[in-house]
Amino acid sequence: METSYETRIINTALKYYGYYPLRAVQLWLVDTHFNKVNSTMMNIGALVKFPPEMDLNRLAQAANDLVNSYDIFRCRLVFHPDTDDLCQRFDGEIIPVEIEKISDEEFEQRKENLMKPYALINKPLYRICIFETPTAKYCYVDFYHAIMDGTAAAILFFRELGMRYQGKKITRVPPNYADYILEELRVSPEELAEGNKFWREILEGFDETKHLPPADVENAQAWKSEDITVPLKNITRKYFFNNARKEHVFFLAASMLAIAKISCTKSSIISWIHNGRNSALERRLMGIMIEQFPISWNFEKDITVKEFLDGLEEKMNTGTKYRRSLGMVYSEGLEDDCATFIFQKNTGKLNEMSIGGYVGEVIELPPNEISAAENSLDIEVNLTDEGNYLLFLDYDASRYSALAMEKFAATFDEIVSKLKNEDKLISKILK
(Lines give C-alpha, C1' and ligand atoms only; values in the text may rest on other atoms or scores of the structure.)
Protein backbone atom coordinates (compact mmCIF):
# COMPACT_ATOMS: atom_id res chain seq x y z
CA MET A 1 0.00 0.00 0.00
CA GLU A 2 1.34 3.41 -0.95
CA THR A 3 2.30 5.58 2.01
CA SER A 4 1.42 9.24 2.37
CA TYR A 5 3.80 12.02 1.46
CA GLU A 6 4.03 12.98 5.16
CA THR A 7 4.98 9.44 6.17
CA ARG A 8 7.67 9.26 3.48
CA ILE A 9 9.12 12.54 4.74
CA ILE A 10 9.17 11.22 8.33
CA ASN A 11 10.81 7.99 7.24
CA THR A 12 13.46 9.83 5.24
CA ALA A 13 14.21 12.15 8.15
CA LEU A 14 14.54 9.25 10.59
CA LYS A 15 16.89 7.37 8.30
CA TYR A 16 18.93 10.49 7.64
CA TYR A 17 19.37 11.57 11.23
CA GLY A 18 19.47 8.06 12.66
CA TYR A 19 17.12 8.70 15.60
CA TYR A 20 14.17 6.34 15.97
CA PRO A 21 11.32 6.67 18.48
CA LEU A 22 10.91 3.95 21.06
CA ARG A 23 8.00 1.67 20.27
CA ALA A 24 5.16 1.81 22.79
CA VAL A 25 6.15 -1.38 24.63
CA GLN A 26 9.80 -0.30 24.73
CA LEU A 27 8.90 3.05 26.22
CA TRP A 28 6.71 1.40 28.84
CA LEU A 29 9.47 -1.02 29.87
CA VAL A 30 12.10 1.70 30.05
CA ASP A 31 9.83 4.04 32.01
CA THR A 32 9.05 1.21 34.42
CA HIS A 33 12.75 0.53 34.86
CA PHE A 34 13.63 4.19 35.42
CA ASN A 35 11.65 3.94 38.67
CA LYS A 36 13.82 0.97 39.73
CA VAL A 37 16.95 1.78 37.75
CA ASN A 38 19.34 -0.17 40.00
CA SER A 39 17.35 -3.37 39.57
CA THR A 40 17.94 -6.39 37.34
CA MET A 41 14.19 -6.68 36.75
CA MET A 42 14.63 -6.17 32.98
CA ASN A 43 17.40 -8.73 32.49
CA ILE A 44 16.68 -11.81 30.36
CA GLY A 45 19.63 -14.12 30.85
CA ALA A 46 20.91 -17.66 31.23
CA LEU A 47 24.17 -19.27 32.28
CA VAL A 48 24.84 -22.55 30.46
CA LYS A 49 27.48 -25.16 31.30
CA PHE A 50 28.63 -27.17 28.27
CA PRO A 51 30.41 -30.50 27.98
CA PRO A 52 34.20 -30.54 27.44
CA GLU A 53 33.74 -31.32 23.73
CA MET A 54 32.28 -27.87 23.01
CA ASP A 55 34.65 -25.81 20.83
CA LEU A 56 34.61 -22.39 22.50
CA ASN A 57 36.54 -20.67 19.71
CA ARG A 58 33.92 -21.83 17.27
CA LEU A 59 31.16 -20.72 19.64
CA ALA A 60 32.70 -17.25 20.00
CA GLN A 61 32.97 -16.90 16.21
CA ALA A 62 29.34 -17.98 15.80
CA ALA A 63 28.23 -15.42 18.40
CA ASN A 64 30.22 -12.64 16.73
CA ASP A 65 28.79 -13.47 13.30
CA LEU A 66 25.27 -13.50 14.72
CA VAL A 67 25.36 -10.16 16.57
CA ASN A 68 26.98 -8.46 13.59
CA SER A 69 24.08 -9.59 11.39
CA TYR A 70 21.22 -7.90 13.29
CA ASP A 71 20.78 -4.20 13.93
CA ILE A 72 19.15 -4.78 17.34
CA PHE A 73 22.58 -5.50 18.83
CA ARG A 74 23.74 -2.06 17.77
CA CYS A 75 20.77 -0.47 19.54
CA ARG A 76 21.59 2.34 21.96
CA LEU A 77 19.17 4.44 23.98
CA VAL A 78 19.98 8.14 23.59
CA PHE A 79 18.38 11.54 24.06
CA HIS A 80 17.60 13.42 20.88
CA PRO A 81 19.93 16.47 20.73
CA ASP A 82 17.12 18.82 19.64
CA THR A 83 14.09 17.59 21.59
CA ASP A 84 15.62 15.67 24.54
CA ASP A 85 13.16 12.84 23.77
CA LEU A 86 14.43 9.38 24.62
CA CYS A 87 15.15 7.67 21.29
CA GLN A 88 17.16 4.79 19.94
CA ARG A 89 19.92 4.54 17.38
CA PHE A 90 21.09 1.43 15.55
CA ASP A 91 24.70 2.34 14.86
CA GLY A 92 26.42 1.39 18.13
CA GLU A 93 29.72 -0.44 18.23
CA ILE A 94 29.64 -4.24 18.42
CA ILE A 95 31.97 -5.44 21.17
CA PRO A 96 33.65 -8.71 20.10
CA VAL A 97 32.83 -11.82 22.12
CA GLU A 98 36.00 -13.33 23.55
CA ILE A 99 36.88 -16.35 25.68
CA GLU A 100 37.87 -15.62 29.26
CA LYS A 101 40.08 -18.27 30.85
CA ILE A 102 39.87 -18.22 34.65
CA SER A 103 40.18 -20.57 37.59
CA ASP A 104 37.20 -22.38 39.04
CA GLU A 105 37.45 -20.23 42.15
CA GLU A 106 37.46 -17.02 40.11
CA PHE A 107 34.45 -18.21 38.15
CA GLU A 108 32.46 -18.87 41.33
CA GLN A 109 33.12 -15.26 42.31
CA ARG A 110 32.14 -13.98 38.86
CA LYS A 111 28.84 -15.85 39.07
CA GLU A 112 27.81 -13.56 41.91
CA ASN A 113 27.84 -10.52 39.61
CA LEU A 114 27.08 -11.86 36.14
CA MET A 115 23.55 -10.46 36.24
CA LYS A 116 23.76 -6.75 36.90
CA PRO A 117 21.65 -3.71 36.01
CA TYR A 118 22.09 -2.17 32.60
CA ALA A 119 23.38 1.37 32.18
CA LEU A 120 20.61 2.63 29.94
CA ILE A 121 21.99 5.63 28.10
CA ASN A 122 24.27 5.10 25.09
CA LYS A 123 25.54 1.72 26.32
CA PRO A 124 25.31 -1.83 24.91
CA LEU A 125 22.06 -3.52 25.91
CA TYR A 126 23.20 -7.14 25.84
CA ARG A 127 26.04 -9.26 27.25
CA ILE A 128 27.60 -12.43 25.86
CA CYS A 129 30.37 -13.95 27.98
CA ILE A 130 32.25 -17.20 27.36
CA PHE A 131 34.30 -18.75 30.18
CA GLU A 132 36.74 -21.62 30.26
CA THR A 133 37.91 -23.02 33.58
CA PRO A 134 40.17 -26.04 34.19
CA THR A 135 37.05 -28.18 34.75
CA ALA A 136 34.23 -26.68 32.69
CA LYS A 137 33.06 -24.46 29.81
CA TYR A 138 30.34 -21.83 30.18
CA CYS A 139 28.37 -19.31 28.14
CA TYR A 140 26.40 -16.47 29.71
CA VAL A 141 23.90 -14.54 27.59
CA ASP A 142 21.88 -11.60 28.89
CA PHE A 143 19.60 -9.14 27.08
CA TYR A 144 17.86 -5.98 28.18
CA HIS A 145 14.14 -6.67 27.93
CA ALA A 146 13.38 -3.45 26.02
CA ILE A 147 15.35 -4.78 23.04
CA MET A 148 14.61 -8.52 23.23
CA ASP A 149 11.62 -10.62 24.25
CA GLY A 150 11.54 -14.25 25.31
CA THR A 151 10.88 -15.58 21.81
CA ALA A 152 13.83 -13.69 20.35
CA ALA A 153 16.15 -14.57 23.24
CA ALA A 154 15.26 -18.19 23.96
CA ILE A 155 14.36 -19.36 20.45
CA LEU A 156 15.65 -17.17 17.62
CA PHE A 157 19.01 -16.29 19.16
CA PHE A 158 20.02 -19.73 20.40
CA ARG A 159 18.64 -21.52 17.34
CA GLU A 160 20.70 -19.37 14.99
CA LEU A 161 23.72 -19.53 17.30
CA GLY A 162 23.57 -23.32 17.00
CA MET A 163 23.23 -23.16 13.22
CA ARG A 164 26.23 -20.87 12.90
CA TYR A 165 28.24 -23.05 15.28
CA GLN A 166 27.57 -26.03 13.01
CA GLY A 167 28.65 -24.04 9.97
CA LYS A 168 25.22 -23.97 8.37
CA LYS A 169 24.75 -21.20 5.86
CA ILE A 170 22.24 -18.50 6.78
CA THR A 171 20.58 -17.74 3.45
CA ARG A 172 17.88 -15.27 4.46
CA VAL A 173 18.73 -11.60 4.82
CA PRO A 174 18.07 -10.70 8.48
CA PRO A 175 15.20 -8.20 8.86
CA ASN A 176 16.05 -4.87 10.48
CA TYR A 177 14.27 -3.75 13.63
CA ALA A 178 14.73 -0.11 12.59
CA ASP A 179 12.75 -0.75 9.41
CA TYR A 180 9.98 -2.35 11.44
CA ILE A 181 9.73 0.82 13.55
CA LEU A 182 9.28 2.89 10.39
CA GLU A 183 6.57 0.53 9.17
CA GLU A 184 4.66 0.94 12.43
CA LEU A 185 4.55 4.70 11.97
CA ARG A 186 2.24 4.21 8.99
CA VAL A 187 -0.99 4.51 10.94
CA SER A 188 -3.75 7.06 10.44
CA PRO A 189 -4.86 9.48 13.18
CA GLU A 190 -8.37 8.08 12.87
CA GLU A 191 -7.16 4.54 13.58
CA LEU A 192 -5.17 5.73 16.60
CA ALA A 193 -8.14 7.66 18.00
CA GLU A 194 -10.46 4.68 17.60
CA GLY A 195 -7.97 2.45 19.41
CA ASN A 196 -7.44 4.99 22.20
CA LYS A 197 -11.18 5.03 22.84
CA PHE A 198 -11.32 1.23 22.86
CA TRP A 199 -8.55 0.84 25.48
CA ARG A 200 -9.79 3.66 27.69
CA GLU A 201 -13.23 2.07 27.94
CA ILE A 202 -11.65 -1.21 29.09
CA LEU A 203 -9.44 0.31 31.75
CA GLU A 204 -11.46 3.22 33.07
CA GLY A 205 -13.03 1.09 35.81
CA PHE A 206 -9.81 -0.50 37.08
CA ASP A 207 -9.55 -0.52 40.88
CA GLU A 208 -6.68 -2.36 42.54
CA THR A 209 -8.88 -3.12 45.57
CA LYS A 210 -11.29 -4.99 43.28
CA HIS A 211 -9.20 -6.29 40.40
CA LEU A 212 -6.19 -7.66 42.27
CA PRO A 213 -6.03 -10.31 44.99
CA PRO A 214 -6.32 -8.62 48.42
CA ALA A 215 -2.95 -7.49 49.74
CA ASP A 216 -1.90 -9.20 52.98
CA VAL A 217 1.56 -7.68 53.55
CA GLU A 218 2.45 -4.29 55.02
CA ASN A 219 5.64 -2.30 55.58
CA ALA A 220 7.79 -4.54 53.36
CA GLN A 221 10.43 -3.44 50.87
CA ALA A 222 8.62 -1.92 47.89
CA TRP A 223 8.45 -4.05 44.72
CA LYS A 224 10.43 -6.92 46.19
CA SER A 225 10.22 -9.79 43.71
CA GLU A 226 9.33 -13.33 44.81
CA ASP A 227 7.90 -16.29 42.92
CA ILE A 228 6.40 -19.73 43.35
CA THR A 229 5.87 -22.58 40.89
CA VAL A 230 2.98 -25.00 41.33
CA PRO A 231 2.12 -27.99 39.09
CA LEU A 232 -1.52 -27.91 37.96
CA LYS A 233 -3.14 -31.17 39.08
CA ASN A 234 -6.50 -30.88 37.35
CA ILE A 235 -5.52 -30.74 33.68
CA THR A 236 -3.04 -32.10 31.14
CA ARG A 237 -2.62 -31.30 27.46
CA LYS A 238 -4.76 -34.32 26.54
CA TYR A 239 -7.82 -32.24 27.46
CA PHE A 240 -7.19 -29.91 24.51
CA PHE A 241 -6.79 -32.80 22.07
CA ASN A 242 -10.51 -33.52 22.37
CA ASN A 243 -11.93 -30.03 21.82
CA ALA A 244 -11.31 -26.86 19.85
CA ARG A 245 -10.32 -24.76 22.84
CA LYS A 246 -7.10 -22.76 22.70
CA GLU A 247 -4.86 -23.12 25.71
CA HIS A 248 -4.10 -19.42 26.12
CA VAL A 249 -7.81 -18.51 26.07
CA PHE A 250 -8.68 -21.24 28.58
CA PHE A 251 -5.97 -20.27 31.08
CA LEU A 252 -6.65 -16.54 30.69
CA ALA A 253 -10.25 -17.32 31.64
CA ALA A 254 -9.01 -19.21 34.71
CA SER A 255 -6.80 -16.26 35.69
CA MET A 256 -9.63 -13.74 35.44
CA LEU A 257 -12.00 -15.95 37.41
CA ALA A 258 -9.41 -16.71 40.09
CA ILE A 259 -8.82 -13.01 40.72
CA ALA A 260 -12.56 -12.28 40.74
CA LYS A 261 -13.26 -15.14 43.16
CA ILE A 262 -10.47 -14.30 45.60
CA SER A 263 -11.38 -10.58 45.44
CA CYS A 264 -15.13 -11.34 45.82
CA THR A 265 -15.99 -9.12 42.84
CA LYS A 266 -18.24 -9.48 39.81
CA SER A 267 -15.74 -8.13 37.29
CA SER A 268 -12.17 -8.74 36.19
CA ILE A 269 -9.60 -6.52 34.46
CA ILE A 270 -6.27 -8.03 33.52
CA SER A 271 -3.56 -7.77 30.85
CA TRP A 272 -2.59 -10.68 28.65
CA ILE A 273 0.69 -10.95 26.78
CA HIS A 274 0.80 -11.71 23.08
CA ASN A 275 4.07 -12.56 21.34
CA GLY A 276 3.34 -10.00 18.62
CA ARG A 277 4.64 -12.24 15.82
CA ASN A 278 1.91 -12.69 13.24
CA SER A 279 3.74 -12.58 9.91
CA ALA A 280 6.68 -14.54 8.53
CA LEU A 281 8.88 -11.45 8.84
CA GLU A 282 7.84 -10.81 12.44
CA ARG A 283 8.57 -14.41 13.38
CA ARG A 284 12.17 -13.90 12.21
CA LEU A 285 12.66 -10.46 13.74
CA MET A 286 15.36 -10.23 16.40
CA GLY A 287 14.00 -7.72 18.89
CA ILE A 288 11.08 -7.14 21.22
CA MET A 289 7.66 -7.79 19.72
CA ILE A 290 5.46 -8.70 22.70
CA GLU A 291 2.53 -6.55 23.75
CA GLN A 292 0.31 -6.40 26.83
CA PHE A 293 -3.37 -6.27 25.90
CA PRO A 294 -5.82 -5.14 28.61
CA ILE A 295 -9.05 -7.15 28.73
CA SER A 296 -12.10 -6.97 30.97
CA TRP A 297 -15.24 -8.93 31.77
CA ASN A 298 -18.34 -8.14 33.80
CA PHE A 299 -19.80 -11.23 35.47
CA GLU A 300 -23.06 -9.60 36.64
CA LYS A 301 -24.95 -11.36 33.85
CA ASP A 302 -24.71 -15.09 34.42
CA ILE A 303 -23.52 -17.19 31.48
CA THR A 304 -22.15 -20.68 30.88
CA VAL A 305 -18.46 -21.55 30.66
CA LYS A 306 -18.88 -22.06 26.92
CA GLU A 307 -20.35 -18.59 26.46
CA PHE A 308 -17.56 -17.08 28.55
CA LEU A 309 -14.76 -18.84 26.64
CA ASP A 310 -16.30 -17.99 23.27
CA GLY A 311 -16.81 -14.35 24.26
CA LEU A 312 -13.34 -14.03 25.75
CA GLU A 313 -11.68 -15.29 22.56
CA GLU A 314 -13.71 -12.80 20.54
CA LYS A 315 -12.59 -9.97 22.85
CA MET A 316 -8.95 -11.04 22.52
CA ASN A 317 -9.19 -11.02 18.73
CA THR A 318 -10.77 -7.56 18.78
CA GLY A 319 -8.05 -6.22 21.05
CA THR A 320 -5.25 -7.27 18.70
CA LYS A 321 -6.78 -5.09 15.98
CA TYR A 322 -5.99 -2.01 18.09
CA ARG A 323 -2.37 -2.94 18.79
CA ARG A 324 -0.98 0.29 17.36
CA SER A 325 -2.95 2.37 19.87
CA LEU A 326 -1.38 0.69 22.90
CA GLY A 327 1.01 3.62 23.24
CA MET A 328 -1.78 5.54 24.97
CA VAL A 329 -2.18 2.72 27.52
CA TYR A 330 1.54 2.61 28.26
CA SER A 331 2.17 6.37 28.29
CA GLU A 332 -0.71 7.11 30.65
CA GLY A 333 0.12 4.20 32.95
CA LEU A 334 -3.42 2.85 32.69
CA GLU A 335 -2.39 -0.76 33.33
CA ASP A 336 0.59 -0.31 35.64
CA ASP A 337 -1.09 -2.20 38.49
CA CYS A 338 -3.00 -4.80 36.46
CA ALA A 339 -2.23 -8.45 36.95
CA THR A 340 -0.62 -9.90 33.84
CA PHE A 341 -1.17 -13.30 32.21
CA ILE A 342 1.07 -15.19 29.79
CA PHE A 343 0.93 -18.71 28.37
CA GLN A 344 4.17 -20.30 27.22
CA LYS A 345 5.20 -23.57 25.63
CA ASN A 346 8.64 -24.91 26.46
CA THR A 347 11.04 -25.45 23.60
CA GLY A 348 12.95 -27.95 25.71
CA LYS A 349 13.61 -28.88 29.29
CA LEU A 350 13.78 -25.99 31.73
CA ASN A 351 17.25 -27.01 32.93
CA GLU A 352 18.81 -27.66 29.50
CA MET A 353 19.94 -25.63 26.50
CA SER A 354 21.12 -27.09 23.20
CA ILE A 355 23.62 -25.33 20.94
CA GLY A 356 25.06 -26.97 17.86
CA GLY A 357 24.13 -30.47 19.02
CA TYR A 358 25.68 -30.04 22.44
CA VAL A 359 23.28 -30.11 25.38
CA GLY A 360 24.26 -27.72 28.11
CA GLU A 361 23.04 -27.51 31.68
CA VAL A 362 21.33 -24.26 32.66
CA ILE A 363 23.00 -23.12 35.89
CA GLU A 364 20.88 -21.23 38.39
CA LEU A 365 22.51 -17.95 39.36
CA PRO A 366 22.80 -16.89 43.01
CA PRO A 367 19.83 -14.95 44.43
CA ASN A 368 19.86 -11.35 43.30
CA GLU A 369 19.08 -8.82 46.00
CA ILE A 370 18.55 -5.99 43.53
CA SER A 371 15.80 -7.61 41.51
CA ALA A 372 12.32 -6.09 41.54
CA ALA A 373 8.82 -7.08 40.50
CA GLU A 374 7.70 -5.58 37.18
CA ASN A 375 4.01 -5.96 38.04
CA SER A 376 1.90 -6.59 41.11
CA LEU A 377 1.23 -10.14 39.94
CA ASP A 378 2.42 -12.04 36.87
CA ILE A 379 0.49 -15.24 36.16
CA GLU A 380 2.33 -17.62 33.83
CA VAL A 381 1.12 -21.02 32.69
CA ASN A 382 3.90 -23.10 31.18
CA LEU A 383 3.45 -26.28 29.13
CA THR A 384 6.15 -28.87 29.76
CA ASP A 385 7.50 -31.38 27.26
CA GLU A 386 5.61 -34.10 29.11
CA GLY A 387 2.25 -32.43 28.46
CA ASN A 388 1.72 -31.11 31.96
CA TYR A 389 1.19 -27.49 33.06
CA LEU A 390 3.08 -25.44 35.61
CA LEU A 391 1.61 -22.33 37.22
CA PHE A 392 4.36 -19.77 37.83
CA LEU A 393 3.49 -16.72 39.95
CA ASP A 394 5.93 -13.80 40.03
CA TYR A 395 4.63 -11.34 42.59
CA ASP A 396 5.33 -8.16 44.51
CA ALA A 397 6.29 -9.43 47.98
CA SER A 398 5.63 -5.99 49.46
CA ARG A 399 1.98 -6.67 48.65
CA TYR A 400 1.55 -10.45 48.96
CA SER A 401 2.83 -13.25 51.18
CA ALA A 402 3.85 -16.66 49.89
CA LEU A 403 0.80 -18.08 51.72
CA ALA A 404 -1.52 -15.74 49.78
CA MET A 405 0.02 -16.88 46.50
CA GLU A 406 -0.31 -20.53 47.46
CA LYS A 407 -4.00 -19.85 48.13
CA PHE A 408 -4.30 -18.17 44.73
CA ALA A 409 -2.64 -21.15 43.03
CA ALA A 410 -5.04 -23.59 44.72
CA THR A 411 -8.03 -21.48 43.66
CA PHE A 412 -6.68 -21.32 40.10
CA ASP A 413 -6.31 -25.11 39.90
CA GLU A 414 -9.83 -25.61 41.28
CA ILE A 415 -11.26 -23.24 38.68
CA VAL A 416 -9.35 -25.02 35.90
CA SER A 417 -11.12 -28.22 36.88
CA LYS A 418 -14.53 -26.55 36.77
CA LEU A 419 -13.89 -24.84 33.42
CA LYS A 420 -13.71 -28.24 31.77
CA ASN A 421 -17.49 -28.49 32.17
CA GLU A 422 -18.64 -26.00 29.54
CA ASP A 423 -22.29 -26.24 30.59
CA LYS A 424 -21.48 -25.02 34.08
CA LEU A 425 -22.65 -21.53 35.07
CA ILE A 426 -19.96 -18.97 35.88
CA SER A 427 -21.91 -18.01 39.01
CA LYS A 428 -21.33 -21.53 40.35
CA ILE A 429 -17.57 -21.13 39.84
CA LEU A 430 -17.46 -17.73 41.57
CA LYS A 431 -19.66 -18.90 44.46
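Predicted model: local features only at pLDDT ≥ 70, side-chain atom pairs only at ≥ 80, totals over all residues.
Three strands form an open sheet in the order E1-E4-E3. Their pairing is antiparallel. Strand E1 (20-21) and E3 stand at the edges. Each has a single partner strand, so one side of each is left without a neighbour in the sheet.

Strand E3 covers residues 76-79, and strand E4 covers residues 86-89. Four bridges join E3 to E4, and the two run antiparallel. Within this pair, Leu77 has Gln88 of E4 as its bridge partner. E3 and E4 form a hairpin, with six residues between them. In the turn, Asp84 has a positive phi of about 65°. E4 is also joined to E1, by two bridges. E1 and E4 run antiparallel. Here the bridge partner of Pro21 is Cys87 in E4.

A second open sheet is formed by six strands. Their order is E8-E15-E14-E11-E9-E10, and the pairing is mixed. Strand E8 (225-231) and strand E10 (291-298) are the edge strands. Each of these pairs on one side only. Neighbouring strands of the sheet are turned by 25° against each other on average, direction ignored.

Strand E11 (residues 340-345) and strand E14 (residues 377-383) run parallel. Six bridges join E11 to E14. Phe341 stands opposite Ile379 in E14. Helix H12 packs on this sheet. H12 touches strand E9 (267-274) and E10. The direction of H12 makes about 140° with that of E10.

H12 also packs against a helix. Helix H10 (residues 247-263) and H12 have their axes 10 Å apart. The angle between H10 and H12 is about 105°. The two helices are therefore roughly perpendicular to each other. From H10, the contact is made by His248, Val249, Phe250, Leu252, Ala253, Met256 and Leu257. H12 contributes Phe308, Leu309, Leu312, Glu313 and Met316. By class, the residues of this contact divide into ten nonpolar, one polar and one charged.

Glu313 is found in helix H12, which covers residues 305-320. The side chain of Glu313 makes a polar contact with the side chain of Lys246, at 2.9 Å. Neighbours within four places in sequence aside, Glu313 is in contact with Lys246 and Val249. Val249 is among the H10 residues in the contact with H12.

Another helix pair is formed by H3 and H5. Helix H3 covers residues 56-67, and helix H5 covers residues 150-165. Their axes come within 8 Å and cross at roughly 125°. That angle makes H3 oblique to H5. The crossing of H3 and H5 is right-handed. On the H3 side, the contact is made by Arg58, Leu59, Ala62, Ala63, Asp65, Leu66 and Val67. On the H5 side, Phe157, Glu160, Leu161, Arg164 and Tyr165 take part. The contact of H3 with H5 has eight nonpolar residues and four charged residues. No polar residues are counted in this contact.

Terms used. Residues numbered from 1 in each chain as written. Heavy atoms only, no water. Axes fitted to C-alpha atoms, helices over the stretch in contact; angles between N-to-C directions. Parallel < 35°, antiparallel > 145°, perpendicular 65-115°, else oblique. Left-handed = near helix turned anticlockwise from the far one by under 90°. Contact = heavy atoms within 4.5 Å. Nonpolar A, V, L, I, M, F, W, Y, C, P; charged D, E, K, R; others polar. Polar contact = N/O pair within 3.5 Å; in protein donor to acceptor, adjacent residues only side chain to side chain. Pairing = 2+ DSSP bridges.
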